[in-house]
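Subject: Structure handover and findings

Hello,

Here is the structure for you to look over. My notes follow below it.

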Amino acid sequence: MSAPKEGKKDKMKIVFSTSGDNLDAPLDGRFGRAPKFLVYDLETDACEVVDNLQNLQAAQGAGVQAASTVARLGAAAVVTGHCGPKAFRVLSSAGIKVYTCAAPTVGAALALYREGKLLEAQAADVEGHWA
Amino acid sequence: MIIAIASGKGGTGKTTLAVNLARAFDADIQLLDCDVEEPNAHLFLPAEPRERTVVTMPIPEVDARLCDGCGECARVCRYNAIVGAGAAPLVFPELCHGCGGCAYICPRKAIREVPKRIGVIETFRSGKIDLVHGRLDVGVAMAPPLIRAVKDRRRNGAPAIIDAPPGTSCPVVAAIQGAEAVVLVTEPTPFGLHDLALAVDLVRAFRLPFGVVVNRAGSGDDRVRLFCAREKIPLLAEIPDDRRIAEAYARGALIVEALPEYRAGFLDLRAKIEGLRREVAA
């Protein structure tokens, strides 16, 4: 896996954790072990779905690798249900903003984001699974 | 001879068997307590620790001035313990298995390995038993390096009993590797059988000679006995569900000392375990 810094950051790209592949799909409460990531371009309204299957089955470090994937995609922000300490460390060191929310669908979370109703997380909101 | 005492299920009597077998041996023997998350053999063999040694494992340290962010270290790490996320990679020591792959692969020699403390080894002497155990530090999840360090204390040629941790995952693999025979302790219950079957799969994968000991025999049913017969697994011994054994255990006493009538059974078990090895050698 190559270093995430290769991905050029696009301020208009945000990533949602999800189990589906469109805006009606549920927002997945997990970050590292979400089945998929939906990459949304705020400028063009284009969607891209990225598989996270490899991390779904990882014995450990799923959050670390998922954060690495998001960084490589060049996203500026992540909207998910919860974010653990290791994923948060990787995301913040890559300068990616993290928003946690309980919106039922990706579309609902996107609406909240657009309305500026999501608060940027300053730290992980759940415990890590190892140590 | 090196005998490993293992089980799928926890709480079946591995330590009870290990300490009593060691005492019944009645000659110099090493007892290696490899259940490093909760070593307990010493509770039955009261003695002051003779020696305590800190055990470390190597984890990577990145020199940000030398790193060019190529990401090779993150690519080679299957445990996700190092991840490139900017100028220099981030290290997650709690995920690291200490293989050294990242330091080896780094083209800029920007990674060196530094020791991280994971626990201690303590040694005890009780009668003719030399007890060595590992004690993993609180908050450390990586047991196998400490288990291997405990096993490195084995004296060549000396008989040894390994008290393995429960389960069938990496710590158990680290504990039973190199054993000449494995004893799987179980209880005659549905849970006992379920986890025994997993443990049987594990020892078969390692092609180690093994047999089964049923503890608290009479408390459940005969499903373990039927399983062993069907699978052609030697049933080495059955320790009865005797309240006096539980009482001795609760006091921290040894069965072979508190209830001498069981001594012959442990000696017989030892002979059968040695027979396992011979069968394979033959």
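Which residues are buried in helix 6 of chain B? They are B:Gly192, B:Leu193, B:Leu196, B:Ala199, B:Val200, B:Leu202 and B:Val203. Buried means under 20% relative accessible area, exposed means over 50%, and partly exposed lies in between (1.4 Å probe, protein chains only). Helices (H or I, at least four residues) and strands (E, at least two) are DSSP runs, numbered from the N terminus.

First, the ground rules. This is a predicted model, in which local features need pLDDT of at least 70 and side-chain atom pairs count only at pLDDT 80 or more, while totals for chains, interfaces and linings use all residues. Residues are numbered from 1 along each chain as its sequence is written, chains are lettered from A and ligands numbered from 1 in the order in which they are written, and side-chain values use heavy atoms, with hydrogens and water left out.

Chain B overall

Chain B has 10 helices and 11 strands. Its C-alpha trace spans about 70 × 45 × 35 Å along the principal axes. Of its 282 residues, 54% count as buried. Contact means heavy atoms within 4.5 Å. Among contacts in chain B with a separation of 6 or more, 73% join residues 24 or more positions apart.

Helix 6 of chain B

Helix 6 of chain B has 16 residues. From first C-alpha to last it reaches 23 Å, close to the 22 Å expected at 1.5 Å a residue. That expected span is 1.5 Å times one less than the number of residues. The cover over its buried residues includes helix 5 (170-176), strand 9 (181-186), strand 10 (210-217) and helix 7 of chain B. After helix 6 of chain B comes B:Arg207, with a positive phi near 55 degrees.

Now the packing against helix 7. The axes of helix 6 (residues 190-205) of chain B and helix 7 (residues 223-231) of chain B come within 9 Å and cross at roughly 25 degrees. The two helices are therefore roughly parallel. Angles under 35 degrees count as roughly parallel, over 145 as roughly antiparallel, 65 to 115 as roughly perpendicular, and the rest as oblique. Axes are lines fitted to C-alpha atoms, for helices over the stretch in contact, and angles run from 0 to 180 degrees between N-to-C directions.

Helix 6 of chain B passes helix 7 of chain B in a right-handed crossing. Right-handed means that the near helix is turned clockwise from the far one by less than a right angle; anticlockwise is left-handed. From helix 6 of chain B, B:Pro190, B:Leu193, B:Leu196, B:Ala197, B:Val200 and B:Arg204 take part. They meet B:Arg223, B:Val224, B:Phe227 and B:Glu231 of helix 7 of chain B. The contact residues divide into seven nonpolar, no polar and three charged. Ala, Val, Leu, Ile, Met, Phe, Trp, Tyr, Cys and Pro count as nonpolar, Asp, Glu, Lys and Arg as charged, and the others, Gly among them, as polar.

Helices 2 and 3 of chain A

Chain A has a helix pair to look at too. The axes of helix 2 (residues 62-72) of chain A and helix 3 (residues 85-93) of chain A come within 8 Å and cross at roughly 25 degrees. So this pair is roughly parallel. Helix 2 of chain A passes helix 3 of chain A in a right-handed crossing. Helix 2 of chain A contributes A:Gly63, A:Val64, A:Ala67, A:Ser68 and A:Val70, and helix 3 of chain A contributes A:Lys86, A:Ala87, A:Val90 and A:Leu91. By class, this contact has six nonpolar, two polar and one charged residues.

Single residues

B:Ala175 sits in helix 5 of chain B. It is buried, at 0% relative accessible area. Leaving out residues up to four places away in sequence, B:Ala175 touches B:Cys34, B:Ile147, B:Lys151, B:Ile162, B:Ala164 and B:Pro165.

B:Thr16 lies in helix 1 (residues 14-25) of chain B. It is buried too, at 12%. Beyond its neighbours within four places in sequence, B:Thr16 is in contact with B:Tyr249 and B:Ile255.

Check phi at two aspartates. Most residues other than glycine have a negative phi. A:Asp45 has a positive phi of about 60 degrees. A:Asp45 is in the loop between strand 2 (36-41) and strand 3 (47-51) of chain A, and is partly exposed at 45%. B:Asp26 has a positive phi near 55 degrees. B:Asp26 is in the loop between helix 1 and strand 2 (29-33) of chain B, and is partly exposed at 46%.

Best regards
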